[in-house]
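Biologist: Please show me the structure, and let us then work through its parts by question and answer.

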Amino acid sequence: MVGAEGMTRMLWLQGASCGGCTMSILESGASGWFDELRQSGIDLVWHPSVSEETGEEAAELLEAIRDGRERLDLLVLEGSVARGPNLSGRFNMLAGTNRSIYHWLLDLAPLADYVVAVGSCAAYGGIPAAGINPTDAVGLQFEGSDVGGALGAGFRSKRGLPVINVAGCAPHPGWIMESLLALTTGDLTADGLDAVGRPAFIANHLAHHGCSRNEFYEFKASAEAMSERGCLMEHLGCRATQAVGDCNQRSWNGGGSCTKGGYACIACTSPGFESAQNYLQTAKLAGIPVGLPTDMPKAWFVALAALSKSATPRRVRVNATADHVVVPPSRSGDKRSS
Amino acid sequence: MTRITVGPFNRVEGDLEVRLDIESGRVARAEVTAPLYRGFEQILEGRPPLDALVIAPRICGICSVSQSIAAASALRQAMGVVPAQNGVLATNIAHAAENAADHLTHFYIFFMPDFAREAYAAHPWHGAAAERFTATKGSAAREALPARARLLEIMGLIAGKWPHSLAFQPGGTTRAIELGERIRLNAIAGSFRGFLERVVFADTLENVLALSTPSELDRWRDGRAGDFAHFLRLADALALADLGKGPGLLMSFGAYHDADGANFRAGLRASDGTISALPSDLITEDVSHAWMRETSRDPAASRSVPDADKADAYSWCKAPRLAGEPVEVGAIARQAVDGQPLITALLASDGSNVRNRVIARLIETARLALSIEGWIKALRLSEPFCETSGEMTDGRFVGLVEAARGSLGHWLAVGGGRIERYQIIAPTSWNFSPRDSDGVAGPLEQSLVGTEVGDAGARAVSIQHVVRSFDPCMVCTAH
């Protein structure tokens with residue numbers, strides 16, 4: 001275990017947030033997140049949900065960091081940056097300081113070795129930026145998929161990195177911890193981020209990879225109503241073939257995932273996911289889903305889909321529109337060859 | 001008189017500012033500010049109604065399932081759908097798991113660390129409290145956080161993930177549970193009972209729930225291990241029953257409906273102990289001290305339009321009232337309205353206060369653990385979990401549920417197949433309400449009056465105990 005002096009000092013702030021990313025990270029660690037942080041060499045300098053310091057004690061700590069009297073290694077933001085009204089930030093004041101979170105972030109971000117946006121709100125604006133975006137909510141360095149956001153396109157933290165975007169609503173606790181730890185070990189560099197700032201070790205996968213409905217997908221055997229077992233892409237809005245994240249290669253809450261839970265991937269790791277509508281219905285043009293896998297010729301996809309539909313085993317076809325397995329796998333695999 | 005400001009008020013869900021006028025070392029007047037507005041009601045307007053299932057839960061990361069089921073409940077009326085019974089039970093299991101996880105988070109992470117503060121270092125009990133409960137360092141979190149994570153594995157089976165799931169639909173839940181999964185649900189419920197009986201209560205849940213009078217509770221506590229008894233001793237040492245008296249009226253929308261009706265009944269409890277039916281049509285919201293434009297007082301007809309420069313306003317939270325009165329909501333209200341014997345007796349003895357709010361949460365946690373076990377058994381695995389019929393209709397609909405922190409309502413107006421208006425009144429909107437147009441203060445504002453701060457001013461721990469005893473969820477409050 002590293003002594004307090006050698007530890008990485010992390011400050012976690014919440015902007016226009018639901019607190020869900022904190023709820024997610026509190027699931028991390030075999031003996032709890034606090035132990036995990038210590039064992040990993042991270043000193044949690046202050047976190048609004050868990051730290052002892054409150055009121056003026058907390059405000060003094062933030063002032064000490066702002067004035068350079070305390071070192072800041074990792075600055076984490078959860079929640080969007082609400083810049084409104086009129087760039088005053090008054091939709092989201094940091095209580096007791098007479099200063100908005102927006103302005104606190106402008107002060108603190110340049111002082112940190114690394115700045116991490118935890119969740120799609122802090123990364124891209126997220127749900128608060130939906131619709132008329134009542135509070136002028138943006139991400140730290142993106143507004144949707146446009147670079148800029150609260151800190152601006154040119155922002156680089158002290159170690160020369162743009163904001164690291166651990167997208168997701170809420171992100172898997174593993175995504176958060178692994179990103180933070182890869183920064184502390186120096187293994188996450190600018191080359192390790194994708195075009196919208198997401199760590200590539202997460203974003204190089206699609207939510208579709210490892211989906212337990214894979215056999216239904218292969219045969220385009222589709223669920224038609226909620227709770228059915230078939231593929232959710234054709235009718236029920238699933239975006240997993242287009243959304244990044246190793247969602248189905250991890251277990252969420254001990255064994256789940258969105259598609260295992262019986263509902264569509266809504267691409268919560270993507271900038272702008274909040275602007276979609278009718279999430280649980282697939283948008284179609286001439287009967288063909290609009291959102292097909294991005295790196296495959298559409299005509300090929302349609303041709304292969306028609307072919308695989310015509311080859312669908314009865315078991316797969318029947319089970320696709322049932323909520324329980326109706327036709328089990330055939331028993332031929334159990335027979336001994338003589 | 002001096003005015004002090006306490007903020008950022010942390011170890012609550014979200015951020016909070018409290019301003020206090022101090023006279024002779026005591027709080028003479030309090031103002032509570034919700035410092036964050038995101039505009040969910042504005043974001044929902046104009047969308048397809050079912051989009052509320054995506055948007056509304058994201059109001060709150062800690063009571064996401066409660067927000068989901070409030071939306072699903074309003075949408076259920078709009079679609080005229082009767083949910084599958086398995087879906088009702090699976091929703092109850094997940095909702096109760098969230099409710100109980102929230103109570104654990106409050107007790108271990110938000111509330112108890114205040115007893116470990118240096119301000120109490122001179123007390124003989126401080127060493128043990130600090131060893132157990134110091135924020136991020138005490139031994140208790142090392143047991144409580146893994147127990148919470150294990151309990152939330154219920155979400156992995158029923159809801160896909162937590163927070164923010166789409167499993168809770170108007171017709172039920174989206175994943176049909178199979179036999180192996182029911183066995184795993186049972187195992188999780190068993191782990192949860194084990195944690196409660198070993199670490200929290202140091203006794204069986206049945207014995208805890210058999211306690212029905214303050215004197216039985218005192219006898220039970222003496223010499224007992226476990227964190228609940230530890231709290232009870234601290235509460236007596238610091239006279240927490242005299243701190244943070246509530247306004248008197250306690251309300252519950254009722255929760256956990258199954259074939260036998262609501263497990264926790266709906267109703268209103270007056271300070272004299274009489275319980276009456278809930279007049280939910282008398283719920284209003286007043287914006288006189290909120291940074292909001294004037295609008296209808298009726299949540300079925302009102303809209304939310306921010307006005308950051310409004311004179312006399314001091315919070316993004318509107319002031320909900322029931323028949324014109326502020327009311328307290330939360331576990332203590334739910335258990336009181338349901339007639340839980342110990343909570344009823346404690347309220348008769350010394351009313352709603354810091355000590356009794358915490359006791360009510362832990363008693364409710366024990367009840368929820370037993371209910372979860374029962375609902376898992378009641379699932380009929382060969383039958384559907386989701387009814388998928390139903391067509392969206394225009395009209396006005398209301399979803400009234402109980403979140404961990406109290407009564408949660410969604411008022412939905414659908415017109416032309418789109419959301420015309422969406423209004424949300426969350427539990428802490430009630431408890432941390434600002435003043436209304438008659439100048440009547442909200443429940444916390446009333447509770448703080450008279451609290452002794454001595455020379456500590458803004459750093460007085462008494463203020464921390466009172467505020468956190470309500471377990472505020474500030475992200476829900478103004479949404």
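The questions below concern a predicted model.

Biologist: How many helices and strands does chain B have, and to what radius of gyration does chain B come?

Modeller: The secondary structure of chain B comes to 18 helices and 15 strands. Along its principal axes, the C-alpha trace of chain B spans about 65 × 55 × 40 Å. For 479 residues the globule rule gives 23 Å, and the value for chain B is close to that, so chain B is as compact as a globular protein of that length. The radius of gyration of chain B is 22 Å.

Biologist: Which helix gives the largest share of the side of chain B that touches chain A?

Modeller: The contact takes 69 residues from chain A and 72 residues from chain B. On the side of chain B, the elements that give two or more residues are strand E1 (2-6) and the helices H1 (40-44), H2 (52-55), H6 (139-151) and H7 (153-158). The largest share is five residues, and it comes from H6(B).

Biologist: How many residues on the side of chain B that touches chain A are nonpolar, polar and charged?

Modeller: The residues on that side of chain B are divided by class. The division gives 38 nonpolar, 20 polar and 14 charged.

Biologist: Are H8(B) and H14(B) roughly parallel or roughly antiparallel to each other?

Modeller: The axes of helix H8 (residues 179-200) and helix H14 (residues 354-378) of chain B come within 10 Å and cross at roughly 155°. Angles over 145 degrees count as roughly antiparallel. The two helices, H8(B) and H14(B), are therefore roughly antiparallel.

Biologist: Is the crossing of H8(B) and H14(B) left-handed or right-handed, and into which classes do the contact residues divide?

Modeller: The crossing of H8(B) and H14(B) is left-handed. Among the residues of H8(B) that meet H14(B) are Leu185(B), Ala189(B) and Phe192(B), and the residues on the H14(B) side include Leu362(B), Ala366(B) and Ile372(B). By class, the residues of this contact are ten nonpolar, two polar and three charged.

Biologist: How is H14(B) oriented to H17(B), and which residues make the contact?

Modeller: The axes of H14(B) and helix H17 (residues 461-469) of chain B come within 9 Å and cross at roughly 40°. That angle makes H14(B) oblique to H17(B). The crossing is left-handed. The contact is made by Val354(B), Arg357(B) and Val358(B) of H14(B) with His465(B), Val466(B) and Ser469(B) of H17(B).

Biologist: How many bridges join E13(B) to E14(B), and which residue is the bridge partner of Gly399(B)?

Modeller: E13(B) and strand E14 (residues 406-415) of chain B run antiparallel and are joined by nine bridges. In E14(B), the bridge partner of Gly399(B) is His410(B).

Biologist: Which peptide bond to Pro163(B) is cis, and where is Pro163(B) found?

Modeller: Most peptide bonds are trans. The bond that joins Trp162(B) and Pro163(B) is cis, with omega about 0°. Pro163(B) is placed in the loop between H7 and strand E4 (168-169) of chain B.

Key. Residues numbered from 1 in each chain as written. Chains lettered and ligands numbered in written order. Predicted model: local features only at pLDDT ≥ 70, side-chain atom pairs only at ≥ 80, totals over all residues. Contact = placed C-beta atoms within 7 Å. Helix = DSSP H or I, 4+ residues; strand = E, 2+ residues; numbered from the N terminus. Nonpolar A, V, L, I, M, F, W, Y, C, P; charged D, E, K, R; others polar. Pairing = 2+ DSSP bridges. Axes fitted to C-alpha atoms, helices over the stretch in contact; angles between N-to-C directions. Parallel < 35°, antiparallel > 145°, perpendicular 65-115°, else oblique. Left-handed = near helix turned anticlockwise from the far one by under 90°. Rg over C-alpha atoms; globule rule 2.2 N^0.38 Å.
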